[in-house]
Amino acid sequence: PQQAVAGELPSGYIATDQVGAMVGLDYNAGRFGVFMLEWVNEWPLRDDERMLRNRRRWRAALGWSDEYRNDTLELRATTILLETSANLIARVELSYALDNNIRFTTRYSNFEIGDDLQDFNRLNNYDRLDLVFEYSF
């Protein structure tokens, strides 16, 4: 079980334990890339109106990736649905490995969260573009 930290909750809400389950499937389609599907369900262990999320919640993730140029260039796309198709996080990523130690990555993340998830909809203002340089030694 996971425990929320009471100091992180908005005023007037209480923390509770919850239990969750996840199932996932990856399928390597050869020249068409790798497809991924994950489903997560979470249930609070008690019902109280003072809890921020007092009902069962689900999330689904759909993804695809493929590698090119002798596995040095990778393209990846992922979408995460939060309880409805109106709440989603989408990400596109392009990564290039110069050698075994150096990798450059460009990643764009888009947040589209509806009013039904008030504790997450502030993410709508945080679409982002990441430029990452990795060096391994």
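**Close-up views of an all-strand predicted model**

View 1. Residues are numbered from 1 along each chain as its sequence is written, and side-chain values use heavy atoms, with hydrogens and water left out. Leucine 98 sits in the loop between strand 6 (84-97) and strand 7 (102-112) (helices, H or I with at least four residues, and strands, E with at least two, are DSSP runs numbered from the N terminus). Together with Tyr96, Phe104, Phe133, Tyr135 and Phe137, Leu98 makes a nonpolar surface patch of about 740 Å². Patches are made of residues with over 30% relative accessible area and no salt bridge, joining like charges within 9 Å and nonpolar side chains (Val, Leu, Ile, Met, Phe, Trp, Tyr) within 5 Å; a salt bridge is a side-chain nitrogen of Lys or Arg within 4 Å of a carboxyl oxygen of Asp or Glu. Areas come from the Shrake-Rupley method with a 1.4 Å probe, and for residues only the protein chains shown count as cover.

**View 2. The chain as a whole, for orientation.** The secondary structure of the protein chain comes to 0 helices and 8 strands. Read from the N terminus, the elements run β-β-β-β-β-β-β-β. Of the 137 residues in the chain, 28% count as buried. The chain exposes about 9800 Å², and carbon and sulfur atoms supply 54% of this area. Among contacts with a separation of 6 or more, 35% come from residues 24 or more positions apart (contact means heavy atoms within 4.5 Å).

**View 3. Glutamate 42 and its two arginine partners.** Glutamate 42 lies in strand 3 (residues 34-44). With a relative accessible area of 8%, glutamate 42 is buried. The glutamate 42 side chain makes a polar contact with the side chain of arginine 57 at 2.6 Å, and another with the side chain of arginine 59 at 3.2 Å. Such a contact is a pair of N or O atoms within 3.5 Å; within protein, one must be able to donate a hydrogen and the other to accept it, and residues adjacent in sequence count only if both atoms are side-chain atoms.

**View 4. The surroundings of arginine 59.** Arginine 59 belongs to strand 4 and is partly exposed, at a relative accessible area of 28%. Leaving aside neighbours within four places in sequence, arginine 59 is in contact with Glu38, Trp39, Val40, Glu42, Leu81 and Leu82. The C-alpha atoms of arginine 59 and asparagine 41 are 6.7 Å apart, although 18 residues separate the two along the chain.

View 5. A search of the whole structure finds 3 aromatic pairs. In one of them, the rings of tryptophan 39 and tryptophan 58 have centres 4.7 Å apart and planes at 5°, so this pair is stacked. The pair links distant parts of the chain, with tryptophan 39 in strand 3 and tryptophan 58 in strand 4 (residues 57-68), 19 residues apart. Tryptophan 39 is partly exposed at 37% relative accessible area, whereas tryptophan 58 is buried at 18%. The rings of phenylalanine 104 and phenylalanine 133 have centres 5.3 Å apart and planes at 45°, so this pair is tilted. Phenylalanine 104 is in strand 7 and phenylalanine 133 in strand 8 (residues 128-135), so the pair ties together parts 29 residues apart in sequence. For the cut-offs, rings of Phe, Tyr and Trp (its six-membered ring) pair if their centres lie within 6.5 Å; planes under 30 degrees apart count as stacked, over 60 as edge-to-face and the rest as tilted.

**View 6. Phenylalanine 133 and its contacts.** Phenylalanine 133 is exposed, with a relative accessible area of 51%, while phenylalanine 104 counts as partly exposed at 39%. Not counting residues up to four places away in sequence, phenylalanine 133 touches Ile102, Arg103 and Phe104.

**View 7. Asparagine 110 in strand 7.** Here we look at asparagine 110, placed in strand 7. At 19% relative accessibility, asparagine 110 counts as buried. Beyond residues up to four places away in sequence, asparagine 110 touches Leu88, Ile89, Ala90 and Asp127.

Notes. Predicted model: local features only at pLDDT ≥ 70, side-chain atom pairs only at ≥ 80, totals over all residues. Buried < 20%, exposed > 50% of the residue type's maximum accessible area, 1.4 Å probe, protein only.
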